[in-house]
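Here's a quick tour of the pockets and the ligand site in this model. Have a look at the sequence and the 3D view first.

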Amino acid sequence: MAHRVTFIPGDGSGPELTEATRRVLEATGVAFDWDVHEAGLDEYERSGSPFPEATLNSLKENGVGIKGPTTTPVGSGFRSINVLLRKELDLYACVRPCKSYEGVRTRFPETDLVIFRENTEDVYAGIEFEKDSEGAGELIDLIERTQGARIRDHSGISIKPISVFCSERIVRAAFEYAREHGRRKVHACHKANIMKFSDGVFLEVARQVAAEYPDIEFADIIVDNLCNQLVSWPGEYDVLVLPNLYGDLISDLGAGLIGGLGVAPGANIGTHAAVFEATHGSAPGLAGLNKLNPTAVMLSGVLMLRHLGEAAAADRMEGAIASVIAEGERVTYDLKPTKDDPTAVGTSEFADAVIEVLGTA
Ligand code: NAD
């Protein structure tokens with residue numbers, strides 16, 4: 001039976017990248033029943049809503065979606081669709097595999113990491129007190145009364161909640177993934193030496209959960225040291241699990257290790273749904289030119305195939321993408337030795353090349 005999947009083209013570069021990916025996904029032979037819905041800046045300009053109710057309902061109903069990037073204009077009236085999605089669907093795990101493929105220019109060819117970033121709390125919980133507001137004043141007084149320390153006047157304050165519940169489910173997701181995918185080691189990354197009562201909870205819970213998975217190695221690492229270690233010995237790291245803020249930063253570091261945003265896929269996985277999308281944004285300056293690299297969206301499609309239980313098709317699709325990149329001929333500008341290499345192909349020609357390999361596999 002065909003997999004019913006919500007398909008969100010997005011805006012900017014989204015439509016061309018998701019179209020290239022749709023064609024490759026279909027070329028694997030897996031049957032899809034695409035439920036196409038809009039989100040993003042174009043939809044906002046058309047209907048006044050960047051994220052229509054129908055799109056959200058489709059994701060809730062189908063439980064699986066693939067999404068192109070969407071623009072969040074700076075200083076405009078609408079909030080990031082991705083933040084909204086995470087909240088509405090409780091997409092608590094942001095999963096970012098960072099694997100170096102042969103043929104991609106990188107100084108770190110041994111990198112093969114999977115990052116599990118907690119997606120719902122930490123300083124990104126959105127609990128903030130504006131400087132000079134009544135709430136900020138009350139909080140400063142409360143802290144002085146209970147902690148004996150006075151925060152300077154005219155301070156803005158962001159709250160960092162880390163709960164047992166959210167720490168447990170993200171750490172468990174990382175261990176379950178490690179077990180399912182034959183990974184050897186999970187590192188919990190934190191700064192519990194300084195933030196004893198927030199990162200301390202994360203670390204304590206990570207240790208408890210790790211004890212339930214004796215078949216997987218476990219270690220913890222302080223996040224600043226992790227940054228140093230990753231650019232020195234990336235091959236030593238396997239699955240990383242992190243609270244929200246560190247996860248955000250280390251995900252971009254991971255994308256850098258493997259050759260850039262054009263090849264960095266992602267998934268947001270939650271209780272009610274899973275949404276697959278690249279790490280990169282809508283690249284508005286380069287959108288509509290049939291120029292950008294669809295690999296990141298395609299590899300997000302590979303993750304979706306695995307999520308749907310189509311492991312064989314996922315392996316074939318990943319293999320076909322990897323072989324086009326390794327060959328280095330029919331690849332986009334970012335995978336060529338120089339940005340203006342005249343032999344670079346467009347987004348849709350890259351997809352054609354992958355489809356050709358799939359046809360001969
Ligand atoms: P971006 O990721 O869109 O682009 C930054 C640069 O990365 C581009 O100029 C380009 O050089 C390179 N790049 C990005 N995608 C590429 C690809 N597929 N192939 C080759 N090179 C690629 O980041 P930005 O310019 O900071 O953000 C643009 C918009 O996207 C913003 O509105 C931002 O809020 C939004 N955004 C959306 C998402 C999402 O929808 N998941 C994620 C990040 C940013």
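## Ground rules

This is a predicted model, in which local features need pLDDT of at least 70 and side-chain atom pairs count only at pLDDT 80 or more, while totals for chains, interfaces and linings use all residues. Residues are numbered from 1 along each chain as its sequence is written, and side-chain values use heavy atoms, with hydrogens and water left out.

## The largest pocket

The largest pocket holds about 710 Å³ of space. A pocket here is an open set of points on a 1 Å grid over the protein atoms alone, where a 1.4 Å probe fits, with protein on both sides within 12 Å along at least five of seven lines; lining residues have an atom within 4 Å of a point. Points are joined across faces, edges and corners, and the volume is the space filled by probe spheres set on them.

28 residues line the largest pocket, and V95, Y177, H181, L303 and R306 lie nearest its centre. Two or more lining residues come from each of β4 (93–99), β5 (112–118), α6 (164–180), β11 (267–269) and α10 (295–307). Helices (H or I, at least four residues) and strands (E, at least two) are DSSP runs numbered from the N terminus. The largest share, five residues, belongs to α10.

The lining splits into 19 nonpolar, two polar and seven charged residues. For those classes, Ala, Val, Leu, Ile, Met, Phe, Trp, Tyr, Cys and Pro are nonpolar, Asp, Glu, Lys and Arg are charged, and the others, Gly among them, are polar. Domain 1 (1–97 + 261–361) and domain 2 (107–113 + 162–257) each give the lining of the largest pocket at least three residues; domain bounds come from an automatic or database domain assignment.

## The second largest pocket

About 580 Å³ of space sits in the second largest pocket. Its lining has 31 residues, with S80, N82, V83, R86 and R117 closest to the centre. α4 (81–89) makes the largest contribution to this lining, four residues.

By class, the lining of the second largest pocket comes out at eight nonpolar, 14 polar and nine charged residues. Where does the second largest pocket lie? It lies between domain 1 (1–97 + 261–361) and domain 3 (122–160), because both give residues to its lining.

## Around the ligand

The ligand is surrounded by 20 residues, the closest being T70, T72, G281, A283 and N293; a residue counts if one of its heavy atoms lies within 4 Å. By class, this shell has seven nonpolar, ten polar and three charged residues.

Now for the polar contacts (pairs of N or O atoms within 3.5 Å). Ligand oxygen atoms lie 2.7 Å from a polar backbone atom of G281 and 3.0 Å from a backbone N or O atom of S282. A ligand nitrogen atom is 2.9 Å from a polar backbone atom of N293. Taken alone, the ligand exposes 810 Å², and the protein buries 67% of that (Shrake-Rupley areas with a 1.4 Å probe).

D90, in the loop between α4 and β4, has a positive phi of about 50° although it isn't a glycine. D132 also isn't a glycine, and its phi is positive at about 70°; D132 is found in the loop between β6 (128–129) and α5 (134–147).

Methods: Polar contact = N/O pair within 3.5 Å; in protein donor to acceptor, adjacent residues only side chain to side chain.
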